[in-house]
Amino acid sequence: MNLSSNKQLQTGRLHLSEFHSRNLFDIRKFRVPILPGKRSPLSLPTLSFSRPLGFPSLPDPKLPRTDRSLRFLVSRCVSEKLSDPFEQGPGLNDASAPGQVPKQKDTSILKILKESNSLLPHVVLASTLLALVYPPSFTWFTTRYYAPALGFLMFAVGVNSRENDFLEAFKRPAAIFAGYVGQFVMKPLLGYFFGAISVTLLGLPPSIGAGIMLVSCVSGAQLSNYATFLTDPVMAPLSIIMTSLSTATAVFITPMLSLLLIGKRLPVDVKGMMSSIMQIVVAPIAAGLLLNRFFPVICGAIRPFLPPLSVLVTALCVGAPLALNIESVLSPFGVTILFVVIAFHLSAFIAGYVFTGLVFHKATDVKALQRTLSYETGMQSSLLALALANRFFQDPLVGVPPAISTVIMSLMGFSLVLLWTKRKQ
């Protein structure tokens with residue numbers, strides 16, 4: 001092949017690229033000229049394509065040998081450029097013959113099930129309103145169901161993760177330490193600040209201020225792991241490690257912080273707390289990982305049904321505490337407490353996000369880290385705070401802030417899930 005043929009062939013490639021950049025798959029048939037040597041313009045051989053360029057025709061035996069080789073070479077170049085055996089591009093295999101109507105995308109039930117997580121903020125809000133209007137709809141979901149419910153959410157995370165993800169998460173000690181600082185340094189400071197304001201400036205009873213401080217002393221919520229999984233699945237193992245570490249050390253840190261901030265030492269059942277960690281976090285995640293590793297067929301069969309079930313379980317975990325403590329929430333101080341709790345959680349979410357951005361501003365995944373630590377700082381185990389308040393404080397008002405906190409931190413956390421997921425898309 002001479003130099004002139006090479007130049008013409010390159011020109012032909014450029015023309016094909018131009019057609020592709022417009023919309024190849026709407027073109028039923030077109031002809032591309034090939035100029036081998038010096039031939040009369042009136043008798044130019046052409047390449048004809050009556051289907052997408054990803055499927056070229058074989059060389060025509062009627063053409064001269066030179067024309068056939070050029071034609072086949074250009075066809076191979078186009079095929080290699082446009083065909084991908086591992087990717088079904090839009091319209092690549094959907095082009096229909098003349099007279100046929102392209103098939104529209106079918107909305108399957110499995111697709112609806114998988115995308116049900118996008119409804120989570122709306123379902124949480126609906127469960128909150130339902131618990132306020134008709135508390136009996138949630139009062140049957142007593143505290144004995146909390147551990148299995150949270151364990152199911154952790155199982156869903158484990159099914160969608162791999163053991164290597166957790167091994168990689170342990171390689172980021174700086175991020176784990178930053179999450180710990182957010183949990184037990186920044187959050188207690190914010191709790192003390194808003195607890196003091198509620199008593200000194202807003203005139204609320206001291207027991208309300210103690211309840212706000214108690215919420216800031218407990219470990220991170222397992223719901224923060226699920227929120228991270230929905231927003232940044234890659235960060236879910238890191239979030240689980242952060243929450244597990246804060247929960248494990250809460251047996252020592254929470255009583256110390258409660259003594260320092262509230263002035264009351266809370267006797268915490270260390271054995272019971274460690275058993276709770278095993279039931280709620282370790283065992284369900286391990287079961288999900290093992291199922292994903294050794295029984296992938298079963299895992300693939302149940303995976304589409306996990307999102308809607310997780311939405312239902314989360315709605316129950318939010319609505320039940322509110323319904324069970326409805327009298328305290330609707331007390332004369334209820335509205336004022338609501339605004340204080342909202343301000344506390346909002347400040348915690350923002351503090352975690354800003355703090356992470358300052359510390360890890362050079363990291364390539366800084367945005368994902370900011371979102372993860374924002375969840376870890378803003379979402380607390382309010383159910384644990386509520387249990388401690390009901391068990392170790394005689395004044396029932398101490399349990400009002402934890403009950404409201406359970407609803408508020410869930411609403412705010414999953415609203416951020418919806419916001420950040422849409423921004424990523």
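S381 is buried, with a relative accessible area of 14%, where buried denotes under 20% relative accessible area, exposed over 50% and partly exposed in between (1.4 Å probe, protein chains only). The structure is a predicted model, in which local features need pLDDT of at least 70 and side-chain atom pairs count only at pLDDT 80 or more, whereas totals for chains, interfaces and linings use all residues. Residues are numbered from 1 along each chain as its sequence is written, and side-chain values use heavy atoms, with hydrogens and water left out.

S381 is located in the loop between α17 (366-378) and α18 (382-392). When residues up to four places away in sequence are not counted, S381 touches V218, S219, G220 and A221; contact here means heavy atoms within 4.5 Å.

In the chain there are 19 helices and two strands. Helices (H or I, at least four residues) and strands (E, at least two) are DSSP runs, numbered from the N terminus. Of the 425 residues in the chain, 48% are buried. Among contacts in the chain with a separation of 6 or more, 78% are accounted for by residues 24 or more positions apart.

Two packed helices are described by the angle between their axes and the distance between the axes. For helix α6 (residues 146-159) and helix α14 (residues 306-324), the axes come within 10 Å and cross at roughly 150°. Axes are lines fitted to C-alpha atoms, for helices over the stretch in contact, and angles run from 0 to 180 degrees between N-to-C directions. The helices α6 and α14 are therefore roughly antiparallel to each other, a term applied to angles over 145 degrees, while those under 35 count as roughly parallel, 65 to 115 as roughly perpendicular and the rest as oblique.

Residues of α6 including Y146, F152 and V159 meet residues of α14 including L306, V313 and L324. The residues of this contact of α6 with α14 comprise 15 nonpolar, two polar and no charged. In this grouping, Ala, Val, Leu, Ile, Met, Phe, Trp, Tyr, Cys and Pro count as nonpolar, Asp, Glu, Lys and Arg as charged, and the others, Gly among them, as polar.

A disulfide is a covalent bond between the sulfur atoms of two cysteines. With a disulfide taken as a pair of cysteine sulfur atoms within 2.5 Å, the count comes to zero. C217 counts as buried at 0% relative accessibility, and C299 counts as buried at 0% relative accessibility.

L419, in helix α19 (residues 400-424), is partly exposed, with a relative accessible area of 40%. L419 and T231 are 188 residues apart in sequence and 9.4 Å apart in space, C-alpha to C-alpha.
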